[in-house]
Amino acid sequence: MSGSVNVSFVGCGGMAAHYLGVYRDLDWVRVMSCVDTNLESARTAAEMAGGVATLDFAAALDADVDAVIISTPNSLHRSQAVSAIEAGKHVLLQKPVAANLADAEAIAAAAAQSTRTVGLYMSYFDQPLVHDLRDMVSEGWLGDLVHCYARLMHKGGMMWSEEALKGNRTWRGSVEETGGGCFIQLAVHYIHIFEWISGSSVVRATGFTRNLHCPGLEGEDLAVAVLQLDSGAMVTLDTAWCANGEELSVHGTLGRFSYRNSQRLALASSAGPFEGRVARYSGGLTPAFGGPQGEEQQMEICPPAFNDISNPLNQHRAFLEAVREGKPAPVSIASGVDDMRVVAAVYESARSGRAVEVG
Ligand SMILES: NC(=O)c1ccc[n+]([C@@H]2O[C@H](COP(=O)([O-])OP(=O)(O)OC[C@H]3O[C@@H](n4cnc5c(N)ncnc54)[C@H](O)[C@@H]3O)[C@@H](O)[C@H]2O)c1
């Protein structure tokens with residue numbers, strides 16, 4: 001299609017609020033409706049981005065709507081995404097694809113039948129640094145990949161738990177509505193990133209889950225997973241709803257990449273300089289056990305804002321451009337289903353106490 005893209009928002013809560021500005025600020029995009037079961041949230045979104053505020057999901061399927069942006073609780077993704085896809089809409093769906101693997105596969109099956117642009121919103125793909133990391137790996141700058149590590153922890157769970165205990169329960173406290181606890185919500189980002197940068201797939205998973213500090217939530221507030229990639233490299237993922245901290249590290253035979261708290265990047269490689277979109281390394285070697293190793297260099301890197309339309313990697317802008325140009329979405333639903341297979345295996349391992357093969 002050419003010209004403008006008409007959009008409907010389904011789910012106008014916390015996550016949608018972060019990126020409504022993209023739809024307001026792109027002059028070739030028009031918001032037709034903001035749909036939410038909480039009319040106040042729909043109205044707030046419509047005041048910001050335009051369109052009518054409504055409780056009625058049918059508005060998203062109106063003939064004048066081209067694309068539906070779904071940011072509702074995970075358990076609603078299947079019915080809403082499949083309805084929108086079957087109505088011939090382009091669809092951008094929040095991660096995780098769904099609350100369980102069967103629902104995720106049903107969405108992927110509908111997407112596979114569609115000729116429209118149907119994709120998954122993965123916020124970390126907004127970040128130029130993640131694309132630099134992929135280049136580092138594919139150019140061999142880190143050598144052979146040995147180990148990937150991610151920690152994603154924030155104390156939102158303690159707040160939701162406290163509210164639930166006071167009687168203000170939200171979908172985030174329900175296993176049925178989320179599909180689990182902190183792991184399904186947080187780990188999918190990094191499962192996706194590590195498979196994407198390495199071109200490898202997770203083949204085996206071991207997981208441990210606990211609920212230590214969030215009695216108001218049914219799911220876990222701490223999860224630790226050890227994953228094996230088909231290359232033989234290993235991945236460790238730590239997620240929590242009851243502590244704060246973020247880290248993404250990749251170690252290879254020639255170098256290492258380590259990014260902490262979305263701020264501080266440390267790089268070291270004996271492969272020489274690297275010049276990426278935002279990451280820079282000037283080279284240099286220091287003596288070390290086993291031969292010289294790359295000198296560690298540090299820099300501060302801030303991620304772009306969710307609604308920065310000048311960022312060509314902004315996932316909403318990239319999705320809308322793909323719609324306009326008749327191209328596939330930047331992140332496919334099928335790749336999000338692969339993440340869900342790993343999530344399901346980690347939960348099964350946590351239940352059974354055994355390592356689980358990921359098929
Ligand atoms: N990409 C990320 O980094 C990221 C971060 C947070 C959340 N998310 C995802 O975004 C989605 C929404 O999360 P959130 O944090 O915005 O939650 P939220 O609770 O803040 O917002 C969800 C909204 O959906 C509305 N809603 C509920 N049932 C509805 C229905 N039947 N029809 C229309 N609207 C309905 C609620 O009233 C609420 O306004 C989830 O899938 C979540 O996993 C992604």
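What follows is a quick chat about the fold, the ligand shell and some backbone details.

Q: Before anything else, what kind of model is this?
A: This is a predicted model.

Q: OK, and how many helices and strands does the protein chain have?
A: The protein chain has ten helices and 19 strands.

Q: What about overall dimensions? The C-alpha trace spans what along its principal axes?
A: About 65 × 45 × 35 Å. The radius of gyration is 21 Å, which agrees with the value near 21 Å for a compact globule of 359 residues.

Q: What share of the residues is buried?
A: Buried residues make up 48% of the 359. And if you take contacts between residues at least 6 apart in sequence, 70% of them join residues at least 24 apart.

Q: Let's do sheets. What's the strand order in the six-stranded one?
A: The order is β3-β2-β1-β4-β5-β6, an open sheet with parallel pairing. β3 (52–54) and β6 (118–121) stand at the edges; each has a single partner strand, so one side of each lacks a neighbour in the sheet. On average, neighbouring strands are turned by 20° against each other, ignoring direction.

Q: Pick a pair from there. How many bridges join β1 and β4?
A: Four, in the parallel sense, between β1 (residues 5–10) and β4 (residues 67–70). One example is Ser 8, whose bridge partner in β4 is Val 68.

Q: Which strands does α3 touch on that sheet?
A: Helix α3 (residues 77–86) touches β1, β4, β5 and β6, and its direction makes about 165° with that of β5. Helix α9 (residues 315–325) packs on the sheet too, touching β1, β2 (29–35), β4, β5 and β6. The direction of α9 makes about 135° with that of β1.

Q: And the nine-stranded sheet, what's the order there?
A: That open sheet runs β18-β13-β12-β11-β7-β10-β9-β8-β19, and the pairing is mixed. Its edge strands are β18 (297–300) and β19 (356–357), each pairing on one side only.

Q: Parallel or antiparallel for β8 and β19?
A: Antiparallel, over two bridges, with β8 covering residues 202–210. Ala 205 has Val 356 as its bridge partner in β19.

Q: Which strands does α8 touch there?
A: α8 packs on the sheet against β7 (145–153), β8, β9 (222–229) and β10 (234–240), at about 155° to the direction of β10. Helix α10 (residues 333–352) also packs on the sheet, touching β8, β9 and β19, with its direction at about 50° to that of β8.

Q: Switching to the ligand: how many residues surround it?
A: 24 residues, and the closest are Gly 11, Gly 13, Gly 14, Met 15 and Gln 94. Helix α1 (residues 14–25) gives the most to the shell, with three residues. The shell as a whole has nine nonpolar, 13 polar and two charged residues.

Q: Why does Pro 96 count as buried?
A: Because Pro 96 has 29 C-beta neighbours inside 10 Å, and 20 or more is enough to call a residue buried. Not counting residues up to four places away in sequence, Pro 96 touches Asn 74, Gly 179, Ile 184, Val 188, Gly 336, Asp 339 and Met 340.

Q: Where is Asn 261, the one with the positive phi?
A: Asn 261 is in the loop between β12 (255–260) and β13 (264–269), and its phi is near 50°. Asn 261 counts as exposed, with 10 C-beta neighbours inside 10 Å.

Q: And what's phi for Ser 262?
A: Positive, at about 50°, although Ser 262 is not a glycine. Most residues other than glycine have a negative phi. Ser 262 is found in the loop between β12 and β13 and is partly exposed, with 14 other C-beta atoms within 10 Å.

Terms used:
Residues numbered from 1 in each chain as written. Predicted model: local features only at pLDDT ≥ 70, side-chain atom pairs only at ≥ 80, totals over all residues. Near = placed C-beta within 6 Å. Nonpolar A, V, L, I, M, F, W, Y, C, P; charged D, E, K, R; others polar. Buried ≥ 20, exposed ≤ 12 C-beta atoms within 10 Å, placed from the backbone. Contact = placed C-beta atoms within 7 Å. Pairing = 2+ DSSP bridges. Axes fitted to C-alpha atoms, helices over the stretch in contact; angles between N-to-C directions. Rg over C-alpha atoms; globule rule 2.2 N^0.38 Å.
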